[in-house]
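Here is a friendly walk through one protein model. Keep the sequence and the 3D view side by side as you read.

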Amino acid sequence: MGRFRDALVAPGLAAIAEIKRRSPSAGDLRPDADPGALAKTFERAGAAAVSVLVDERFGGSPADLAAARSASSLPLLAKGFFGSESELAGLRDTGADAVLLLLRDLDDVQVAELLRAASALELDALVEAHDAGELARAVELGADPIGINARDLSTFAIDRRAQLRLVEAAPSDRVVVAESAIAARAHGAEAELAGADAILVGSALMRAPDPGARLEDLISRPLVKVCGLTRGEDVAAAAEAGADLAGFVLARETPRRAPGILPVPDSMLSVAVHVGEVTDDADLVQLYARENGHRARDGVLLRRGRKVARVLDRPWEADDPEHLERARAATGRVVLAGGLSPENVRAAIELVRPWAVDASSSLESAPGVKDHTRVCAFVEAARCS
């Protein structure tokens, strides 16, 4: 495998930043885009690779690929509608490290031939599927990496739920890229938890006044969870502040018990917090064992019943001066909870480097009632670098 694939398997969620001037579904996005300047910007912003549309239907050409190559050392993916070995050779000579192969437009014999040609040219091939049949074909053909597109290229319809199911179904030994419909940190996080190694982001960056800053924002960690939400107006305040996760405590032993899983905007994921057993589901479940009539110290974060992170908390209604050091030593995805506030969250993040941070009581004016000023202050403190 080549440098494009290798760039996507580093720890955490990788991002492929896409350069395209227009979209057949959305029209003009950034007609005056400078591929060289954007490639350099995306490299500084933390992209693992850059995708360049070289098809005129997207306002692109091979010259855009050459401009990106001259400005950036990142692996470059050439995107278009390719069907011949000569096209692949030309793209390699122009600076591509990888090419896109669309299963929608190619039969299995063609894909197999193009995969062999790409390998001989020392190019990676991102083989794109958008339904279960195409995913099965990609797997059978030995494709790696595999792209899962949330957009149906025939109808331009977006279905993120279907995309996530396909990401889950992909073999764990293949590099999987979630493509399209990534417009918030929560979207990328959900793809990551479903099993994606990388996300490909295009339109959200091309529409942004500052594409580099937008990319940094989309891939920034930790995620921020505001927990103990009981009212719709507090959910709205958390979303407005920029929180990614909305926590609803459904355990019986708390004054912050929510009436249920309240609606959350598309920019957030809902988290049902349970002790002992799961009674209501959400996008994610935060589950603690029950000990002595209360929650156990630590919990797990579940997605569709599968553990995706550890929740490291303080003991029930008790302090632990070693809590942060214990969390610092943990491996894997860590949701850091317990005693976090606008005043101390930044220091905790610097020490632990968690995947997400979680606060509840420190953001309240009364049990179950959020102080919107403190919610904003918490999110801002967690976001600043």
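A residue is called buried when its relative accessible area is under 20%, exposed when over 50%, and partly exposed in between (1.4 Å probe, protein chains only). Helices (H or I, at least four residues) and strands (E, at least two) are DSSP runs, numbered from the N terminus. What you are looking at is a predicted model, where local features need pLDDT of at least 70 and side-chain atom pairs count only at pLDDT 80 or more, while totals for chains, interfaces and linings use all residues. Residues are numbered from 1 along each chain as its sequence is written, and side-chain values use heavy atoms, with hydrogens and water left out.

**A strand covered on both sides**

Let us begin with strand S8, residues 146-149. In a regular strand the side chains alternate between the two faces of the sheet.

Now look at the neighbours of S8. Two strands pair if DSSP finds at least two bridges between them. Strand S7 (residues 124-129) runs parallel to S8 and is joined to S8 by three bridges; here Ala129 stands opposite Ile148. Strand S9 (residues 176-179) is also parallel to S8, with four bridges between them, and Val176 of S9 is the bridge partner of Ile146.

Between S7 and S8 comes helix H6 (residues 132-140), and the three elements form a right-handed β-α-β unit. Right-handed means that, with the strands pointing away from the viewer, the path from the first strand over the helix to the second runs clockwise.

**A closed barrel**

Elsewhere, eight strands form a closed barrel in the order S11-S12-S13-S14-S15-S16-S17-S18, with mixed pairing. Leu301 has Ala309 in S16 as its bridge partner.

Asp55 sits in the loop between strand S4 (49-53) and helix H3 (62-71), while Glu364 belongs to strand S19 (residues 364-366). Contact means heavy atoms within 4.5 Å. Leaving out residues up to four places away in sequence, Asp55 touches Gly60, Ser61, Lys79, Gly80 and Phe81. By the same rule, Glu364 touches Gly228, Arg256, Val369, Lys370 and Asp371.

Which side chains make polar contacts with Glu364? A polar contact is a pair of N or O atoms within 3.5 Å; within protein, one must be able to donate a hydrogen and the other to accept it, and residues adjacent in sequence count only if both atoms are side-chain atoms. The side chain of Glu364 meets that of Arg256 at 2.7 Å and that of Lys370 at 3.4 Å.

**Cysteines without a bond**

A disulfide is a pair of cysteine sulfur atoms within 2.5 Å. How many disulfides does a search of the whole structure find? The search finds zero. For Cys227, the closest cysteine sulfur is in Cys376, 18 Å away, which is too far for a bond. Cys376 is in no disulfide either, as its nearest cysteine sulfur, in Cys384, is 14 Å away.

The table gathers the accessibility of residues named above.

| Residue | Relative accessibility | Class |
|---|---|---|
| Asp55 | 12% | buried |
| Cys227 | 5% | buried |
| Glu364 | 13% | buried |
| Cys376 | 38% | partly exposed |
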